[in-house]
Every structure is written in structure tokens, then in C-alpha cells.
Amino acid sequence: MKSILVANANAAAAKKIAAVLRSAGLPVLGIAVSGAKVLDFCRSHGDVCVCGGFLPDMPVRRMTELAGKRCDFVLTLKATEWPLLQDVNALGIRIPIVRADLIATVNLLFSLDERPSLMVRKKLESGIEDEKKVILRAKELLMQRNGMNEAQAHRFLQQKSMDAGNKLIESALITLQRM
């Protein structure tokens, strides 16, 4: 089962975020206050890291580069820090954190690594949905909620599709279903 690490320079903030995720039944492995601990987690578990925008020992940009594809990042950022997302491979959540958005984003990362559900497969088989419109809606949702531009949202869906062996439309439907 996948696990989550919550990293923040402020340990109290990390504990609060971990408590929110645990209350939703998500598997939080622990908390960290340094980039070095985050990289250790990525090397050993390689799952999801919910991380503050700044850690004392390492810029987030460098941390996400070093972690590579081994770990998915969700950065918690103030509105003034939102442009940071243009330089990193991560999803964003605005501070103050909306509980539902945080949980939906982490659940999305877990879901995109799995095979599509029966509901998603039935929607595809029925042919009701226009694939281009579904993909566009999924990208728009990622852009609105998670601070991505269109190219980043497309690359995110494309990469998650390839990693899981799914079609792009399947990942788009999962995104719309989970968020």
C-alpha cells in the first residue's frame, strides 16, 4: 500500500496536515522537517509527499529534482508562492488548506497509479463522453485546483497514464471522478 510523508519546516503544521489525512483514512507514514528526510522517504518508499513550499536545508525545486519520478509531491503554498509551481514537478494546494481539496488531491495521486475502475471502463465503452472534452475538463480542473498551467496539466496526465499503463482518457476520467 502506498504511504504519505508530510514535510514542513513547522512541525506543528506538519502534524495538523497529517491528522487531516489520517482522519480521511489515508496512510500517513510520518512527518519530516527537512529535505534530507524527504529524500530518504522517496528513496525507500517513493509514494506521496505533502510538503510545505520551503524546508530549511533544501529548496523544494532541488528536492523534487533529486526525488525524480520516485515520489509524487503536493506542495502547500500561500497565494504569493503559487508561481513556484511553474518551476517544479508537483501539484499545489493553496494555504489556507481546504480539507476536501487536500484529500481529493492525495486520493487522485493514489488512484492514477491503479487500473481504471469499472465505472470508468463502462463510460469508455459506452462512448458517451467526447474524449477531447474530457481531457480538457481534467486539465482545467488540475489548473484551477493545483496551480498547473495547461502544458503541465497535460504532461501530468500523460506521465501518470504511461506509469500506470492506462490510456490518457482513462486518467482524465479518473481525475474528474476523484476531484
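**The sheet and the pockets**

Modeller: This is a predicted model. In it, strand 1 (residues 4–7) and strand 3 (residues 48–52) form a parallel pair with 4 bridges. Within this pair, Leu5 lies opposite Cys49 of strand 3.

Biologist: Which strands stand at the edges of the open sheet?

Modeller: The sheet has 5 strands in the order 2-1-3-6-7, paired in parallel.

Biologist: What angle does the direction of helix 2 make with that of strand 1?

Modeller: Helix 2 (residues 35–44) packs on the sheet, where it touches strand 1, strand 2, strand 3 and strand 6 (72–77). The angle between the direction of helix 2 and that of strand 1 is about 170°.

Biologist: Which element gives the most residues to the lining of the largest pocket?

Modeller: The largest pocket has a volume of about 420 Å³. Among its 22 lining residues, Asp72, Asn89, Phe156, Gln159 and Lys160 are the closest to its centre. Two elements, strand 6 and helix 7 (150–164), each give two or more residues to this lining. With 6 residues, the element that gives the most is helix 7.

Biologist: How many charged residues are in the lining of the second largest pocket?

Modeller: The second largest pocket, with a volume of about 170 Å³, has residues such as Asn8, Phe54, Lys78 and Glu81 in its lining. By class, this lining has 6 nonpolar and 4 polar residues, and the number of charged residues is 2.

Conventions. Residues numbered from 1 in each chain as written. Predicted model: local features only at pLDDT ≥ 70, side-chain atom pairs only at ≥ 80, totals over all residues. Heavy atoms only, no water. Pairing = 2+ DSSP bridges. Contact = heavy atoms within 4.5 Å. Axes fitted to C-alpha atoms, helices over the stretch in contact; angles between N-to-C directions. 1 Å grid on protein atoms, 1.4 Å probe; cavity = no way out; pocket = protein on both sides within 12 Å on 5 of 7 lines; lining within 4 Å. Points joined across faces, edges and corners; volume = space filled by probe spheres on them. Nonpolar A, V, L, I, M, F, W, Y, C, P; charged D, E, K, R; others polar.
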